[in-house]
Structure formats: structure tokens, C-alpha cells
Amino acid sequence: MLVLGIESTCDETACAIVRDGTAILANIVASQATLHECYGGVVPELACRRHVDMIIPVIDEALKQAGVTLNEIDLISVAKAPGLIGALMIGINAAKALSVTLEKPFIGVNHIEAHLYAAIMSQVEKVSFPSLGVVLSGGHTTLVYMRDIGDYKLISETIDDALGEAFDKVAKMMGLPYPGGPHIETLAKKGNPHSYPLKAGFVKGSPLSFSFSGLKTAVLYSLRGQNSSTLLPSQLSEEEKCNMAATFQRVALQDVVKKTLQAAIEADCETLIFGGGVTNNMALRELFAKAAPNKKLIWPKAELTLDNAAMIAGLGYHQFRRRGADNLLMEAQSRIEFYTSAKDSNN
Ligand code: KG4
Ligand code: ZN
């Protein structure tokens, strides 16, 4: 089955062609990173306009690279949530238009679930369930119990900023361009990770939940304190930036490792499946490898860590087999629950 996937939840316009949920024939991503770089974050209106400009060229390019025609496509899969409503609508309307004109089915999938599928798409049959899903991206920090592909139970998530968002905001405070995560990782290599008395967020009554906004504010005050109440990033020395990057990164990542491994113990999961842009961070991967040598850790390939449409096409294949197509009434959603099987009503 040939699936055409479309992704437009945030600041990447992407299209991929995937055979039978696993073989990636094309994976085209038009990143808007440079468009938003100087704003320190994604500007929704600009993102939407760029999606409109890029969606057709990106689809054309994917078909060309895969060497297939639209008539050979069996299913169109699109990210329907969560994300920026305007941005999602552009991808969804493109998918609906293709579906109507080609008379082919289409399906909308959960973008967060697709991030988890990205890690396993090259080895679906080898993954044993239940597993613990760990999504660490710019918009989400989520732990989920995975009974199977398409059958989940949410364990915990962030109550405020996502992990990647915290990396981006700390980077912005230091005058680094968006997305700041990779810049923080680079600076952290040259800094002392114990330079500031920073602490991870603790959520009262929900020990597995995440909170990064207090940590982010502590970074702000630490930097401001060092520069006589001014906040001009240009007044920070290179050494200060490296030390803050290293300390923030250590505290944030150690918190993620600790809560994730606690969740794995409580849910009795031997396999951990990771997804999302922050999984690019090598310090994160090393911390997990060290802290959990006996767990099976499944990381996405580099080209599937950030937002992409291969994961949307791959997951769409499985979801279509599981529950069939969607109809034209399907709409974009800014938020979405994980699909949970009936078993949950018993526990
Ligand atoms: O998964 P993704 O494309 O976005 C969402 O779906 O939300 O991830 C983007 C996020 C950004 O916040 C970016 O700063 C972060 O991933 N990121 C990193 C690294 N590479 C990307 N964070 C820390 N270290 C990295 N090396
Ligand atoms: Zn994403």
C-alpha cells in the first residue's frame, strides 16, 4: 500500500511517500527555521503563509523523488492534531482535496503518536509491547504506556512548557537563534554543568509530571543577577553562556531521565521508545544509556527526529488498517487525546 503523508502542524511543511508503513520512498521537509529564527519562536501567521506557498511544491517533489504518480497512491494520511490550527488546516485541506479529486481514502493522525512511530518504523515487527513511549519535542513532553501501535494510555505530560520549548526559551535569553536546542547542546559541551544552583520542577501530587517554567525563570534570574539587572544577551560572556547552557541542560535532562525511568518501573516496561526533536541531543541519549543499561532504548533515526511526513504516512497505514478512513467532516484540532482501548475502563 502506497501512502502519501502530509505534515503541517507547526513550522515544517512536509510530504512523504511510504510503502506498507515502513519503506520510505521520499521524505521531503521544507523547514521554516530561518523564517522564524530572528523572532526566537514560531510566528503562527508567518508559518501559515509559508505552508500555503510550500504545500504543493513539497507534494510535487515527494512524488518526483519517489518516482510515483498521484494515481498510484492508495491512501492520504495527514497530521490532524495537535498543532497550530491555521497550519493544520492547510495540510488537512490539501489532503482532503487530493482525496476528493483522486477518489482515494484519507485519514487524520495524531502528530505526537507519529513521533513515537518514527522510532519504530524501520523495525515494527521486532518491537515488543507494552512499551513506554517518551515524546520530547518543541511542543510536547509526554510519557505514554503503549499497548500496541494505536493503543495508548497517557501516563504524564508537562503542565507548562515542553522540554524543547524550555531549551528554545533559555537559548533566546542568551541571544541564540531559534530553534535554540542544538545551540544549547553545543555550548553545554564547553561549560561547567554545576555553575548555578538550578533545580528541576516538581509537580505536587503528580511526581511523574513535568514542569519546566520554574527552571526557565530561574535561568532568567541567574543571568539577570550576573549582569546588574540588565538582560542584554550581548553582555553575557561566552563562558557564562557555556556554563548556563551546561547547567540548564544537565538539570532538565536529569529530570527527564529520572521521571521516565520511574514511569518504566511503575508500568513494568522493558522497552522505551523515544520521539521528538530533543532526541537529537546526544547528552540525553548518553544519560539514558548510562542510567538504564538493561532497558531496550529505541531512538528515531536522525532524519526522523524532527517534524516530518514519513512518520505521518507510516502511522496512517496502521491506523487505516485498524479503523478505516476518515470522512470530509474531519477537522483540525489544537489538542487531542491518545486513543485508548476499552481496557482502560478497568484500571
Ligand atoms: O519534534 P520537533 O520538530 O517539534 C515539535 O513537534 O514540537 O522538535 C523541535 C524541538 C525544538 O524545540 C528544538 O530546539 C529541539 O527540538 N531540539 C533540540 C535539539 N535538536 C532539536 N533540543 C535539544 N538538543 C538538541 N540537539
Ligand atoms: Zn513534532
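Donors to a metal are N, O and S atoms within 2.8 Å of it (3.2 Å for Na, K and Ca), and water is not among the atoms, so sites may look incomplete. In the sequence, the donor residues of the zinc ion (ligand 2) follow the spacing H-x3-H-x191-D. The model is predicted: local features need pLDDT of at least 70, side-chain atom pairs count only at pLDDT 80 or more, and totals for chains, interfaces and linings use all residues. Residues are numbered from 1 along each chain as its sequence is written, chains are lettered from A and ligands numbered from 1 in the order in which they are written, and side-chain values use heavy atoms, with hydrogens and water left out.

The zinc ion (ligand 2) is coordinated by His111 (NE2), His115 (NE2) and Asp307 (OD) at 2.0 to 2.1 Å. Angles among its 4 donor atoms run from 97 to 134°, and the site is tetrahedral (for four donors, all angles between 85 and 135 degrees). Histidine 111 belongs to helix H4, whereas aspartate 307 sits in the loop between strand S10 (296–298) and H10; the two are 196 residues apart, and the pair links distant parts of the chain. Helices (H or I, at least four residues) and strands (E, at least two) are DSSP runs, numbered from the N terminus. Histidine 111 has a relative accessible area of 4% and is therefore buried, and aspartate 307, at 14%, also counts as buried. Buried means under 20% relative accessible area, exposed over 50%, and partly exposed in between (1.4 Å probe, protein chains only).

Helix H10 covers residues 310–323. Its 14 residues should span 20 Å at 1.5 Å a residue, and the end C-alpha atoms are 20 Å apart, which agrees; the expected span is 1.5 Å times one less than the number of residues. Buried residues of H10 include Ala310, Met311, Ile312, Tyr317 and Gln319. The buried residues of this helix pack against several elements, among them strand S1 (2–7), strand S2 (12–19), strand S3 (23–31) and helix H4 (111–120), where contact means heavy atoms within 4.5 Å.

Strands S1 and S2 pair in the antiparallel sense over 6 bridges, pairing being assigned if DSSP finds at least two bridges between two strands. A hairpin of 4 residues joins S1 to S2, and leucine 2 stands opposite arginine 19 in S2. S2 also pairs with S3 in the antiparallel sense, over 8 bridges; valine 18 has isoleucine 24 in S3 as its bridge partner. The hairpin of S2 and S3 has 3 residues between the strands, and in it aspartate 20 takes a positive phi near 50°. S2 is mostly covered, with 7 of its 8 residues buried.

The structure holds 6 aromatic pairs. Rings of Phe, Tyr and Trp (its six-membered ring) pair if their centres lie within 6.5 Å; planes under 30 degrees apart count as stacked, over 60 as edge-to-face and the rest as tilted. The rings of tyrosine 152 and phenylalanine 338 have centres 5.4 Å apart and planes at 55°, so this pair is tilted. Tyrosine 152 lies in strand S8 (residues 151–157) and phenylalanine 338 in the segment after H10, so the pair ties together parts 186 residues apart in sequence. Both tyrosine 152 and phenylalanine 338 are buried. Phenylalanine 274 and tryptophan 299 form a stacked pair, 3.8 Å centre to centre with 10° between the planes. Ring pairs link Phe274, Phe288 and Trp299 into a cluster.

Conventions
Four donors count as tetrahedral if all angles lie between 85 and 135 degrees; four count as square planar and six as octahedral if opposite donors are over 155 degrees apart and all others between 65 and 115; anything else is irregular.
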